[in-house]
Amino acid sequence: MGETLQAPRGTRDLLPAETGRWARVEAALREVFARYGYGELRTPLFEHTELYVRGIGEATDIVGKEMYTFADRKGRSLTLRPEGTAGVVRAYAQHGLGQGEAGEAKLFYLGPMFRYERPQAGRFRQFWQAGAEAIGYADPMADAESVAMLVAALRAAGLKDLSVDVNSVGDAETRAAFRARLVSFVEGWSGPISAESRARCAVNPLRILDSKDPQDAELVAAAPKVTNHLGTRSSAHLASVLRHLDRLGVPYEVNKALVRGLDYYTDTVFEVLSADLGAQSAVAGGGRYDSLVGQFQAQPRPAVGWAIGLDRLVGLLEQRGLMEGSGGARAAVCCVGSRAFARGLALAEELRGLGVRTWFDPSGRRSLKSQFKQADAEGCLLALVLGDDELDRGEATLKDMRKGGQAPVALAGAAAEAARRLAGD
RNA sequence: GUGGAUGUAGCUCAGUUGGUUAGAGCACUAGAUUGUGGAUCUAGGGGUCGGGGGUUCAAAUCCCCUCAUCCACCCCA
């Protein structure tokens, strides 16, 4: 404490007790991505600032006040990635990843993102996301498949009860028209309105719709909803997505108040929420973004994707007791005396060579009693005991940590015998 | 960026209106059991009381500043 250095604000160390759980969640997600035919893309942790300004939108909070932006030694403006989609789209365009006429590609990523926000429950400055992007797919089936994969991924990770909130924010034209309609409605509004919402009216009016300020409750209730003003194409698209979701048995609810904070979304948007997460209730979110790819290459491509907040997902699983602890060592080598410790080190190594998770105390200082205590805490099923007596007879004592019995075994074959016994269980 | 709460041992926390060597439980080490764990008992190690400044004969305790954590606003995964 005191003078000892701490991790920077909003960052955290994931300790050995938790990393095992994270690894299992990540493995489950990777398995689902593979099942749906998505390939992993690893993009840089930082990109040219311009990528995010153009891609996410200048008016968004992320770009406006949450980015870690810095100049490198040559004065270029770089930014730690605040989200994954923009980088994926950039890499897609740069490497011509699209297949065939439609430029199809299914890509996933998993890694840390960075946003300069005030830390809070479920909110960190460095946080982890796993995301999937299907580029080159315009059909509503792609939206449905993407949502189905999200549900499969969350279930594979261990989340049991979940439902997806779905909505449509319309295509570019509907959005522009609706934006104008909403702005004029708000300008003509004579009831109560929060200062924030008044300010948002000029920069990002859609966000007024999901204001949580009680002052805005009346306004939000009375305001027009995008969903009710969709163009023919957009409403047909939404209806088709919902039909496919019904057929797939994906649990969802239409939420007309759902509006996402990134500018690039068009038509379908969706979120998975959990009341158990406190104020930061979104576990995952995503949607369609048909006009983003065209900003980075001549050929525009439709796309759908989402991202899961891993910190929140893991937190939820831990909270609900849905995660098992990771397995510790299975065998221990316990020694008495310096000669025995030296031989024990080699014996432990031999066991590890046979693939056995082995606990050994290389300090050589602890009492036998303490060594057994540790071995027990590690969950060892058996222990090999070495002392001067055993060494002189060319033996080791093989002890069953569960039943308590023990018997001598030839030192030369002790590791193999222990491995055989463990495999037999 | 705004508001509220909180910082005492590795962890969870006591510490009465300021009073002398700052405590408990868990964990750790050792002993009881001269080489045998998961129970018990005993002993021990471990703290510049987040940091800095101030008030006072005296500060973990009161005041100011600062850093950090938690919660909410905001934002989003």
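This is a predicted model: local features need pLDDT of at least 70, side-chain atom pairs count only at pLDDT 80 or more; totals for chains, interfaces and linings use all residues.
The crossing of H1 and H5 has a right-handed sense. Helix H1 covers residues 16–35 and helix H5 covers residues 140–157. Their axes come within 8 Å and cross at roughly 145 degrees. From H1, the contact takes Val25, Ala28, Leu29, Val32 and Phe33. From H5, Met149, Ala152, Ala153, Ala156 and Ala157 meet them. What kind of residues make up the contact of H1 with H5? Ten are nonpolar, with no polar and no charged residues.

Now turn to the RNA. RNA strand B is surrounded by 52 residues. The closest are Arg118, Arg200, Arg207, Arg260 and Met401. The surface near RNA strand B divides into 22 charged, 17 polar and 13 nonpolar residues.

A polar side-chain atom of Glu66 lies 3.0 Å from a sugar or linking oxygen of RNA strand B. Lys369 faces a base, with a side-chain N or O atom 3.0 Å from a base nitrogen of RNA strand B.

Which elements give two or more residues to this surface? The strands are E6 (126–135), E10 (282–288), E11 (303–309) and E15 (395–400). The helices are H12 (368–378) and H13 (388–393). H12 gives the largest share, seven residues.

Terms used. Residues are numbered from 1 along each chain as its sequence is written. Chains are lettered from A and ligands numbered from 1 in the order in which they are written. Side-chain values use heavy atoms; hydrogens and water are left out. A residue is near a molecule or strand if one of its heavy atoms lies within 4 Å of it. A polar contact is a pair of N or O atoms within 3.5 Å; within protein, one must be able to donate a hydrogen and the other to accept it, and residues adjacent in sequence count only if both atoms are side-chain atoms. Helices (H or I, at least four residues) and strands (E, at least two) are DSSP runs, numbered from the N terminus. Ala, Val, Leu, Ile, Met, Phe, Trp, Tyr, Cys and Pro count as nonpolar, Asp, Glu, Lys and Arg as charged, and the others, Gly among them, as polar. Axes are lines fitted to C-alpha atoms, for helices over the stretch in contact, and angles run from 0 to 180 degrees between N-to-C directions. A crossing is left-handed if the near helix is turned anticlockwise from the far one by less than a right angle, and right-handed if clockwise. Contact means heavy atoms within 4.5 Å.
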